[in-house]
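Take a look at the model below, and keep it open while you read. We'll walk through it one piece at a time.

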Amino acid sequence: MDDIVVGPLDLAERVDDALAVQALAFGLTAEEVAVRRHIVLRHLASRGARALGATTHGGRLVGFVYGMPNDRSHWWSGVVEPYLRATGSEGWLDDSFVITELHVHPDFQKRGIGRALITTITDSAAEPRSILSAIDTESPARGLYRRLGYRDLARPVHFPSAQSPYVVMGAPLPLLG
């Protein structure tokens, strides 16, 4: 990771670069990218939203994370709340910092960039815990989240228009090293 710098990211200014990384990492179509662009820009207007980027020394964005304090009035909370209630985990929606998106360009994965992004953004959170949703499959991302202290709170979670089921995970802050 010596050639990568993790730091504050003006996500509104670099939204297209970030979504290009997400499209490669997550396999998004051009149509899905257009929808996500609108969502990202809307999220950035939320109280406490912030982003970090991982860039090469030349300024190429190769990873990003953004999140915000959870707000029960947001769409995501409304979708996951019944699933969390069913497992007795609804309280995780309060006083939590949500990792909204975390993506690393496939050519730069397995170098500690995702870990650096998520731990750096949560280290500055005022909330005592963090929550996120991930595709409910045994992936490198899920493995990373578990190593950082996240545990499954509810699964399977079905988001409208998502083909795959998701899992909601939560961890106390600070995350494990």
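**A walk through the fold**

Helix α5 is followed by G149, whose phi is positive, near 110°. Helices here (H or I, at least four residues) and strands (E, at least two) are DSSP runs, numbered from the N terminus. Before going further, note that this is a predicted model: local features need pLDDT of at least 70, side-chain atom pairs count only at pLDDT 80 or more, and totals for chains, interfaces and linings use all residues. Residues are numbered from 1 along each chain as its sequence is written, and side-chain values use heavy atoms, with hydrogens and water left out.

Stay with α5 for a moment. Its buried residues are R142, G143, L144 and Y145, where buried means under 20% relative accessible area, exposed means over 50%, and partly exposed is in between (1.4 Å probe, protein chains only). The cover over those residues includes β4, α4, β5, β6 (151-157) and β7 (166-172); contact here means heavy atoms within 4.5 Å.

Which residues of α4 are buried? They are I113, G114, A116, L117, I118, T119, I121 and T122. That makes eight of the 11 residues of α4 (residues 113-123), so this helix is largely enclosed by the rest of the structure. Among the elements that cover its buried residues are β1 (4-8), β2 (50-56), β3 (61-69), β4 (96-104), β5 (129-135) and α5 (140-147).

Two packed helices are described by the angle between their axes and the distance between the axes. For α1 (residues 15-26) and α2 (residues 30-43), the angle is about 130° and the axes are 10 Å apart. The axes are lines fitted to C-alpha atoms, for helices over the stretch in contact, and angles run from 0 to 180 degrees between N-to-C directions. The two helices are therefore oblique to each other: under 35 degrees counts as roughly parallel, over 145 as roughly antiparallel, 65 to 115 as roughly perpendicular and the rest as oblique.

The crossing of α1 and α2 is right-handed, a label used if the near helix is turned clockwise from the far one by less than a right angle, with anticlockwise giving left-handed. On the α1 side of the contact you'll find V15, D16, L19, Q22, A23 and F26, and they meet V33, R36, R37, V40 and L41 in α2. Sorted by class, this contact of α1 with α2 has seven nonpolar, one polar and three charged residues. In that count, Ala, Val, Leu, Ile, Met, Phe, Trp, Tyr, Cys and Pro are nonpolar, Asp, Glu, Lys and Arg are charged, and the others, Gly among them, are polar.

E101 touches Q22, R36, F64, V65 and Y66, not counting residues up to four places away in sequence. Is E101 buried or exposed? At 16% relative accessibility, E101 counts as buried. Its side chain also makes a polar contact with the side chain of H103, at 2.7 Å. (A polar contact is a pair of N or O atoms within 3.5 Å; within protein, one must be able to donate a hydrogen and the other to accept it, and residues adjacent in sequence count only if both atoms are side-chain atoms.)

S46 is buried, with a relative accessible area of 15%, while A49, at 23%, counts as partly exposed. Leaving aside neighbours within four places in sequence, S46 is in contact with M68 and H74. With the corresponding neighbours left out, A49 touches H43, L44, G67 and M68.

Most residues other than glycine have a negative phi, and most peptide bonds are trans. D95, in the loop between α3 (75-86) and β4, has a positive phi of about 55° although it is not a glycine, and D95 is exposed at 53%. K110, in the loop between β4 and α4, has a positive phi of about 65° and counts as exposed at 80% relative accessibility. As for cis bonds, one runs from R155 to P156, with omega near -10°, and P156 lies in strand β6. A cis peptide bond also joins L173 and P174, with omega about 0°; P174 is found in the segment after β7.
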